[in-house]
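Please keep the sequence and the 3D view at hand while reading.

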Amino acid sequence: MSESRTLQSPWAGSLRVLSLGPRRARGRFTYVGKVSVATCVAMILLWWIAAWLEVAPAMFLPSPLAVAAKFVAVWRDGFQDATLSQHLFASLGRVVAALAGAIVFGVILGFAMNLSETARGIVEPLLEFYRPIPPLAYLPLVIIWFGIGEFAKILVIFLGILPSVLIATNDGLKSISRDMVNAARSLGASRLQVVLLVLLPYALPSILTGTRIGLGTGWATLVAAELVAATQGLGFMIKGAADFLVTDVVILGILVIAAAAIVMELGLRLVQRTLAPWQGHQ
Amino acid sequence: MTTLAIRDVIVRYGADSDETVTALDRVSLTIEPGSFVVALGASGCGKTTLLNLMAGFLRPTSGVATFDGRPIEGPSSERGVVFQHGALMPWLNVIDNVAFGLRLKGVPRRDRHQRARGILRLVGLEGMEERRIWQLSGGMRQRVGVARALTADPDVLLMDEPLGALDALTREQMQELILDIWARTKKSVFFITHGIDEAVFMASKLLVMSPRPGRVVASIDLAFGRQFTEGAKAGEVKAQPEFIVTRERVKQLVFSSRQLAEGAL
């Protein structure tokens, strides 16, 4: 009895979550899922109690209810000349555009690095040079060179996402067995057919993983990108609210970014399970 | 019908470094049309290097590999390869793996599936068309590997220790299946193994190889595989005194060549 319980407890559950294949838990809520929900509920309760006890003045620590009320108000009337959905879609548009660009360039450059030594020689130093630099550090440069328009904002987010996709694609391709490529060649595959029909599907799970990691960076870069000369966007909204000490809108903005990021992450996991069900089964 | 020939081939790895390894040293051999050539030897005797040469994955350091009289310049669908670990594509189901070669040639989906279904019947996998690769046992995977190579209709099948990873029972079934396919399709086969019993049973020509450097130390013509394809039971073939004597002779050859190589170290 006690032994079977140990098998059911945390490790078994988290291993199941880690495997992205179709071997999902049957129940609607897994053990890990239940713990996660409980954690979120506990956090909100803690926040509520802290606000109720007035640990800090309401101006600095608004209650969950105040934030919820603000959500309705900003949704209906807006904040800084734009409604919440306008802010949200402005940001979402930037992140999605940057993500699409990063996937295209990341995959092309990742393949180029694997197929050509010259390409590797060109891409590697550039990538390793800019990758560790925080977006806030090169933001001024991007603005000086590309102005304060939409392009510069998307570019900054794009640069934040690109390394994840590129490195994941490159690493994914490196692990392919020579036999698999040789199998295709011995069946008469041309170089292009090897790339499109073997390497690309082989790398797909890695590309999607890189995209998921990159997406996190993308949202993290968003606020930096919207710091300068934006008129709409969640980052802009948070920055504006912080300037006037409207703490409830700051918290609201953070929660909306988190929610949007989680929805996109779950969507990508679904895509990964649908497009790459063989992952973890090789 | 086409002949695959290797003439005075030397293959050295790491030619620009200090540690040069001679994988094959002046090897010559011929695979006649319709023959079942088995390369037998311990690991490190250059069996896989030999296969890579024939497949066109590798160029010799010196000497020449020819197919149908023309030098082998690279891989081609005239020479099908079956890999030790299958090298199947996990993103494709069984039938699409088998039909992969036809897809490369631009054969329409309906036609290539029809062809693939016929080949799957030949290897005993009817009804498995829609299965995922990871749902198959080791033996079934190798059948898919054989079927994939056959679908491209090559003149010669190159098999790199295809039964090495299988359990003993599955292995014997697969030996019989491969001999069956060989007899039915009349293709030439080059088959690598380090199983002495398997080599003697299947070969129409057995090449005993020695390691460091890889050489062919003996070439023996055999007919036990023929006996099986002409209707004898595998167990009966292997129980003949003649089979047992041959097996022991080959075992002696393998061990003495290995001792020779170890003595040289």
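## Contacts, domains and a sheet

The contact takes 15 residues from chain A and 21 residues from chain B, where two residues are in contact if their C-beta atoms, placed from the backbone, lie within 7 Å. This is a predicted model, in which local features need pLDDT of at least 70 and side-chain atom pairs count only at pLDDT 80 or more, while totals for chains, interfaces and linings use all residues. Residues are numbered from 1 along each chain as its sequence is written, and chains are lettered from A and ligands numbered from 1 in the order in which they are written.

On the side of chain A that touches chain B, the elements that give two or more residues are helix H9 (178–186) and helix H10 (191–225) of chain A, and H9(A) gives the most, with six residues. Helices (H or I, at least four residues) and strands (E, at least two) are DSSP runs, numbered from the N terminus.

Chain B is divided into domain 1 (24–78 + 155–265) and domain 2 (88–153), with bounds from an automatic or database domain assignment. Between these domains, 11 residues of domain 1 of chain B are in contact with 12 residues of domain 2 of chain B, and helix H6 (residues 168–185) of chain B supplies the largest share of the domain 1 side, six residues.

Chain B also has an open sheet of four strands in the order S2-S1-S4-S5, with antiparallel pairing; two strands pair if DSSP finds at least two bridges between them. Its edge strands, each pairing on one side only, are these:

| Edge strand | Residues |
|---|---|
| S2 of chain B | 21–31 |
| S5 of chain B | 70–71 |
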